[in-house]
Amino acid sequence: ALGALILTGPAAVVGHQYLRIDTPVAAVVEHIAAGLVAGGRLAWGVTPVALFFAATAPASWFAVFLGLAGAVTTVLLGRAATGLQSLAPRQWAWTAVVTGWVVVTVAITLRLALSLLLGA
């Protein structure tokens with residue numbers, strides 16, 4: 001999710017500039033950064049749980065890892081998307097840009113995760 005957010009973050013900034021939203025560009029970057037911080041905090045908090053399962057239940061560590069990675073990704077993108085949406089809540093075009101950005105970011109996240117897991 002981190003890699004996908006870094007790859008797609010500039011697209012959110014460009015969409016913001018293109019639609020001429022009445023908030024500074026720094027606000028877009030702040031909301032994306034807030035998503036990164038929220039996901040990082042959750043990842044830091046669940047690390048002991050992941051290590052516990054890896055040490056005590058070696059057969060289920062992969063399922064636990066996938067669940068925790070999904071939770072971190074959801075928090076990261078959810079926080080960033082709600083923050084971005086709050087910049088212009090009544091503009092349908094900005095809602096479309098934010099929704100499209102989330103869809104593309106999720107697709108890139110899944111692609112990066114599959115390439116990591118499968119080595120392709």
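Helices are DSSP runs of H or I of at least four residues, numbered from the N terminus. The structure is a predicted model, in which local features need pLDDT of at least 70 and side-chain atom pairs count only at pLDDT 80 or more, while totals for chains, interfaces and linings use all residues. Residues are numbered from 1 along each chain as its sequence is written, and side-chain values use heavy atoms, with hydrogens and water left out.

Helix α1 (residues 2–19) and helix α2 (residues 25–56) have axes that come within 10 Å and cross at roughly 160°, the axes being lines fitted to C-alpha atoms over the stretch in contact and the angles running from 0 to 180 degrees between N-to-C directions. Helix α1 is therefore roughly antiparallel to α2 (a term for angles over 145 degrees). In the contact between them (heavy atoms within 4.5 Å), Leu2, Leu5, Gly9, Ala12, Val13, His16 and Gln17 of α1 meet Val25, Val28, Val29, Ile32 and Leu36 of α2. By class, this contact of α1 with α2 has 9 nonpolar, 3 polar and no charged residues; Ala, Val, Leu, Ile, Met, Phe, Trp, Tyr, Cys and Pro count as nonpolar, Asp, Glu, Lys and Arg as charged, and the others, Gly among them, as polar.

Valine 13 lies in helix α1 and touches Val25, Val28 and Val29, residues up to four places away in sequence not being counted. Valine 13 and valine 29 are 16 residues apart in sequence, and their C-alpha atoms are 7.5 Å apart in space. With a relative accessible area of 21%, valine 13 is partly exposed, whereas threonine 109 counts as buried at 11% (buried, under 20%; exposed, over 50%; partly exposed, in between; 1.4 Å probe, protein chains only). Threonine 109 lies in helix α4 (residues 92–118).

Notes:
Helix = DSSP H or I, 4+ residues; strand = E, 2+ residues; numbered from the N terminus. Parallel < 35°, antiparallel > 145°, perpendicular 65-115°, else oblique.
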